[in-house]
Amino acid sequence: MSTYTISIGRVHHSFSNFYELVFDDVVVSDNRQEIVNVPKLVVGLDKSHLWQLAHFNYVIVINGNININDTQFSHYDFSTNTLKFVNSNANILVNNGKDTFSFTQINGGIKPFASSGADKYQFDFTSQELLVKQIPIKSLLIQGFHRDGVTTITNLGGNVNDGFFVSKLKILTDNSLNIDQLKLYNINWQSAEDDVLNKYSHVLPKLTIKQLSILESSIQLPNFLMEKGNIEATNLRYDEQWHFDQSSLAFTADHVVLHDELFSSVLAQLSSHDQEVTIQKVLAKWNKGSINFVGKWKDNALHLDQLTLSDINYELPEKLELSALPRMFRYIKVDKLDIFQSLIIRKQSDFPFTLYNFQVSGTNVTLAKDQKLGILSGIVFFKSEKGSVNRTDIRYPDLVLKFDYENHPSLIFSALASGGMIESKATVDLSKSEPLSLQFNAYGVTSSLLENWKLVKQPPKAINYSANLHGKLLPFSFSGTFSTNGNDYIINFEH
């Protein structure tokens, strides 16, 4: 037990307030720090317990400065019918001294108050500012009562920067939080860490949020940005990890940026049951077009009933290497995939292409497996009204991608080009070092097309021909045979 030193400057008494004493410059210290410094302390004696200095009618702390932890005076038993603070400051250490709540200009009080803890009391406080983890909360208001071991906060609110929050909650007997309502408006939050929620969630107590509203707010992380976002969620629970049983979420935002991809006018409606999330609707504008999908998510697997993109104007990145998806998207499957009236461009120098009025139709398409993105199973039809490949114009290109029983992909391609027609079929065997096998047939198309498309260097001259090639999808990396007019030519790739 610490030893306390108490000093008092002066004591005042007036017969007009016979049961009141006024103390000036009250200072309480222990052997480490100054705990209480009160320029003016007003004490009202209890007429029924006049000579018992452990209970008072009221205690008023005026312009005080208090530095305590959450158990500082638990061994000193005193009580008062009313404990009131006027323009006072307090620094309170919590979580075994790991965190500090710093209150400025506290006004309000507790009725009644007991240092050992009263069975029933009510409280009403305002504070000009509360500082928590370097986050200032202005104009803090907290009102409520305590009864049967449960603290009910009927009104909690404050201003954060240009926004505010309000809440109603209960602190239960096991110190868990039962939050009836939490509403945040115009909150702008930034962090230099993407996993900030996981990093700090361990400090959260066990809690339940019945209704969460985040309105006109922004979040900025290194790989995520939300502007003018609105979130309405129900039945959220945290107990060492987040649980979403019987939860619902509605989300809108003017803009969302995810890994440098901009989405506008975003709308999402979700619900959950038994750890399965039902995606009722997701809509967004993306690359001058729109995207929408519905489906379900469970056990880090996303199963979409339908994924539709329309009027997209998309330029493929120069490097098509894709980073691993987050663990929550370990597997993605789409029952029905549609892309309508879009423009696809790739300017990369090896195989540049442009496709106008680009359309896609796919069924049972696996888009991710083991967190790796791609088209990994199913059947997909691609077509376009016109386009160009390596600066050679083509019309009505048509491509079919499908997988055999061993899940090896094959592609069948046709198009009109240079006044003629081309057909090709490609198969891929990922177990071989030269995985691509290409059968190419041309009718009324000069063989210079093979060089223009960087498949074969200086092929024999012909307008009707076929080529059976194998190699890698790199410039002039194919070898095989070239056939025309009954003659076969050996093709060797350029080293």
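Colleague: Which residue in β10 is the bridge partner of Gly109?
Modeller: In this predicted model, Gly109 has Asp124 as its bridge partner in β10.

Colleague: What makes β8 and β10 a pair of strands?
Modeller: Pairing requires at least two bridges between the strands, and 10 bridges join β8 (residues 99-111) to β10 (residues 120-132), the two running antiparallel. They therefore count as paired. By that criterion β10 also pairs with β11 (residues 135-147), in the antiparallel sense and over 12 bridges, with Lys120 standing opposite Arg147 in β11.

Colleague: How do you know that Glu129 forms a salt bridge with Lys138?
Modeller: The cut-off is a Lys or Arg side-chain nitrogen within 4 Å of a carboxyl oxygen of Asp or Glu, and the closest N and O atoms of Glu129 and Lys138 are 2.4 Å apart, so the contact qualifies.

Colleague: Why is the contact of Glu315 and Lys347 called a salt bridge?
Modeller: Their N to O value is 3.9 Å, and the limit is within 4 Å, so this pair is also counted.

Colleague: Why is Lys347 called exposed, whereas Glu315 is called partly exposed?
Modeller: Exposed means over 50% relative accessible area; Lys347 has 59% and therefore qualifies, whereas Glu315, with 43%, falls between the 20% and 50% limits and so is partly exposed.

Note on methods. Residues numbered from 1 in each chain as written. Predicted model: local features only at pLDDT ≥ 70, side-chain atom pairs only at ≥ 80, totals over all residues. Heavy atoms only, no water. Helix = DSSP H or I, 4+ residues; strand = E, 2+ residues; numbered from the N terminus. Buried < 20%, exposed > 50% of the residue type's maximum accessible area, 1.4 Å probe, protein only.
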